[in-house]
Amino acid sequence: MLAIEGLNKTYQSGVHALKGISLDVPPGMFGLLGPNGAGKTTLMKILATLLEPDSGTVRMRDTDLISDKHRARMMLGYLPQDFGFYPTLTAEQTLHYFARLKGVHDRKERQSLVNALLERVNLESARKQKVGGFSGGMRQRLGIAQALIGKPALLIVDEPTAGLDPEERARFHNLLAETFAEESVVLLSTHIVSDVSNLCSNMAIIRQGEIIASCAPSEAIKELSDSVWEATLTRAQIEPVKSRCKLLSSQMYNGMMRVRVVSRSERPGEEFTQVTPTIEDYYFSLVSQS
Amino acid sequence: MAHPFHTPFFAVFRTEVLLNSRRVAPYLMALLCGGNALLWWARGPASGRGLATNSEAFIAGVLPIYSFMTLPLFTAVIMADPVIRDYRADIGPLIFSKPVGRAIYLLGKFFGSFFVLACGQAAFVITLFVLQWFSRPGVTQLPEVKVVPYLKHFLVFVVISHLVLAAIYFAVGTLTRNAKIVYALGVCFYPLIICYNLFFLNGLPSFWQHILDPLVMRWGQRKGSNVHTLSAEAFNSLVVKYDAELIINRAGMLLIAAGILTLVYRRFIIGEPPQKVHFSFLNLSPASERISFEPVSNWIEDDREARRTPVPLPSVSSDNSGIRASFRKLSAALAAEFRLLLAERSLVAIIPIAVLLSTMEVIFWPARGDGSYSAAYVTNIAGNSLLFMIGISIFYIGEALQRDRDLNIESLVWSQPISNFVLLFSKFLATLFLVCILLVSVGLIAVLTQTLKGNWPVELTTYLRVYFWILIPNAIFLSAAATFLKVLLRDRYFAYTAAIGIGIGLFYMYSQGYNGRVYNPLLFRLWKVEDLVGGNNLSQIAQHRVYVLTVALVCLALSHLFYQRRSR
């Protein structure tokens with residue numbers, strides 16, 4: 001549905017942000033996972049028609065998003081990583097404004113749409129409040145509300161939960177899950193692994209401007225099934241383990257190191273117990289490979 | 001005891017000096033002050049009169065006037081945001097997590113900025129001091145080189161005066177966390193000090209005039225000892241001694257500054273200032289954002305939220321193609337621009353001042369009786385409002401076009417299916433509307449004044465002719481040219497500098513007699529009310545107006561063309 005082909009972008013500073021990215025994104029929630037500086041936001045900005053790539057194509061339902069920007073914007077909903085609103089406008093005025101920019105000119109239709117959006121994101125009671133007084137979570141929800149105007153075929157959500165507290169993150173996850181409509185693509189860019197595992201039916205991992213994996217989260221977990229082990233070790237015990245198997249992650253815990261490793265053939269040691277693999281394990285296994 | 005250079009106060013002070021040394025304003029001020037000194041030395045009041053430029057009387061005489069001229073504006077610029085800057089950069093909490101008290105922090109910030117300000121101001125006396133070694137025909141200098149008078153009089157006549165002003169600006173900026181209010185105060189300084197002198201000080205006895213004169217401009221004109229009446233020889237040998245009145249005045253100023261800083265200390269809170277949930281009229285500013293907490297009732301209980309069924313979004317028709325859709329979007333953008341403009345706090349100060357200064361002459365001075373009174377009135381307001389038209393067009397277009405970037409809303413707006421024409425034209429029209437409000441207000445006040453003064457007849461057609469042929473086309477041209485300049489240069493400060501530079505250059509050319517219509521788009525000094533009645537002159541003016549509006553149209557078209565939705 002969304003076809004990205006050979007996308008390249010080098011900034012004036014010389015940073016090669018995207019290195020020939022190609023990706024087929026099917027309808028549904030698609031997670032783009034990667035560390036900070038991997039090129040996620042660059043890719044999102046190109047898809048949102050805000051940045052010009054050096055080469056490559058992006059097509060969505062027979063529309064070239066690079067060359068036909070006006071058409072692209074008609075089918076686009078975008079929630080950037082950093083964004084603001086006019087602080088002196090109310091939530092309702094803000095949504096009316098964006099709806100009119102999106103071409104919803106009929107007053108009655110627009111009003112019913114704005115009402116439904118405010119209800120959807122649970123901001124009905126704050127509809128007359130000026131946006132400048134909103135908390136981070138409320139602003140984020142208003143952000144998704146404006147992105148949903150006109151039922152976009154491509155919804156781009158860039159790092160939406162960064163900076164939100166766990167409760168607000170859960171609310172946002174629910175909201176995103178509700179917004180997904182068939183025949184539409186929701187592209188969720190994040191560096192928070194649980195965002196992808198909670199929401200997405202498909203995902204890709206991007207690192208240093210390259211896609212290093214693209215699959216369904218269930219497939220990723222399946223790939224590591226029966227091969228992830230965990231143990232709590234002293235620092236001195238870690239080195240021999242590293243030579244025997246691949247270290248996924250290590251974390252200090254009560255003065256000891258809690259380590260997770262991949263070992264497909266045998267148990268890495270007496271101290272190790274087998275654990276259920278997570279997307280995080282898959283992510284680390286790929287990142288350490290590359 | 002800690003070494004003075006190792007104290008938290010010195011750390012804050014030093015950092016403030018360092019931060020200010022990265023700004024353009026102190027260097028620009030020093031350059032202007034140095035240039036000013038050179039000008040006053042070469043072609044100033046002492047030139048050709050045998051008055052020595054390094055005599056004590058000259059030094060003490062020029063410093064209060066120098067202190068009055070452009071320095072208050074620079075004081076506002078430098079003292080407005082030392083604390084605001086920290087909070088804007090979110091570094092305030094980091095500083096206060098260290099063992100730094102409020103008093104130390106505020107004093108370090110204040111004196112760090114004030115030190116930079118005083119250094120910039122000192123360029124004037126340093127230049128005068130250095131010029132003692134130079135000679136020029138018409139410039140008299142005493143043979144002995146002076147050092148102490150420069151330092152002494154600079155401290156007394158400039159530094160102390162500006163210490164109070166700096167304390168006021170610093171207090172307002174720190175307590176309101178809004179630099180724009182300080183800039184507005186800086187602009188208001190001149191009308192305020194003139195009114196204070198005219199309506200308050202003039203009515204007091206001489207003693208109190210000297211005690212209460214903040215810039216000590218009256219001190220040199222004491223009873224029977226006016227320096228202007230002295231011979232050159234007596235002037236040059238005059239030794240300036242500070243009398244009790246001056247000492248009381250200066251001590252009072254120091255006390256006022258200390259009082260203001262104490263007030264700042266008492267009122268300053270480390271966190272974001274608590275604000276009301278709703279804006280009051282005077283509290284409107286797009287720059288002010290607050291955090292509030294959502295009432296718990298919004299989400300009720302989590303389990304209820306989980307059971308909540310998603311609200312279906314209604315199907316709506318949308319129209320994104322064609323001119324009609326574009327114009328509808330333009331009207332939406334324009335409505336938002338007007339709302340934002342109404343929320344612009346600076347307007348509350350600037351428009352009334354602009355209206356007042358544009359109409360002051362017709363209100364307070366008697367109109368000439370020869371010819372038509374209406375012609376005299378409208379010519380006067382047209383001339384006096386020109387500067388404000390230029391200023392408002394340049395700065396409000398600049399701010400309107402920059403606002404989306406400052407508020408970080410660019411990416412949301414740019415990803416909408418709207419053309420550049422909608423984005424640009426809405427801001428152009430909003431600014432044009434603002435200029436028109438100024439012009440209409442000024443016109444109405446002029447008509448009202450003429451009526452109240454009984455300068456009959458009030459010829460409305462004369463007013464309308466001037467507005468139709470001169471003022472409105474000028475407003476359109478200025479707004480379009482300012483839009484083009486901002487789009488072309490992208491950076492608002494470059495655009496302001498370029499616009500001011502072009503403006504000064506053109507007006508200088510006009511003053512030198514190079515006043516051709518082709519490069520005088522505002523028809524400055526090229527029209528009279530009689531020309532607008534009819535005949536050959538009117539047809540020439542009409543042609544010129546068509547030319548100016550065409551240029552405006554080209555500016556807008558080029559803006560549309562060059563405008564780039566270039567993401568950061």
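Helices (H or I, at least four residues) and strands (E, at least two) are DSSP runs, numbered from the N terminus. By that rule, chain B has 21 helices and zero strands. The model is predicted: local features need pLDDT of at least 70, side-chain atom pairs count only at pLDDT 80 or more, and totals for chains, interfaces and linings use all residues. Residues are numbered from 1 along each chain as its sequence is written, while chains are lettered from A and ligands numbered from 1 in the order in which they are written.

Of the 568 residues in chain B, 38% are buried (20 or more other C-beta atoms, placed from the backbone, within 10 Å of the residue's own). Two residues are in contact if their C-beta atoms, placed from the backbone, lie within 7 Å. Among contacts in chain B between residues at least 6 apart in sequence, 84% join residues at least 24 apart.

Within chain B, the axes (lines fitted to C-alpha atoms over the stretch in contact, with angles from 0 to 180 degrees between N-to-C directions) of two helices come within 10 Å and cross at roughly 135°. The table lists this pair.

| Helix | Residues | Contact residues |
|---|---|---|
| α7(B) | 102–130 | Arg102(B), Ala103(B), Leu106(B), Phe110(B) |
| α12(B) | 244–267 | Leu261(B), Val264(B), Tyr265(B) |

Technical notes
Buried ≥ 20, exposed ≤ 12 C-beta atoms within 10 Å, placed from the backbone.
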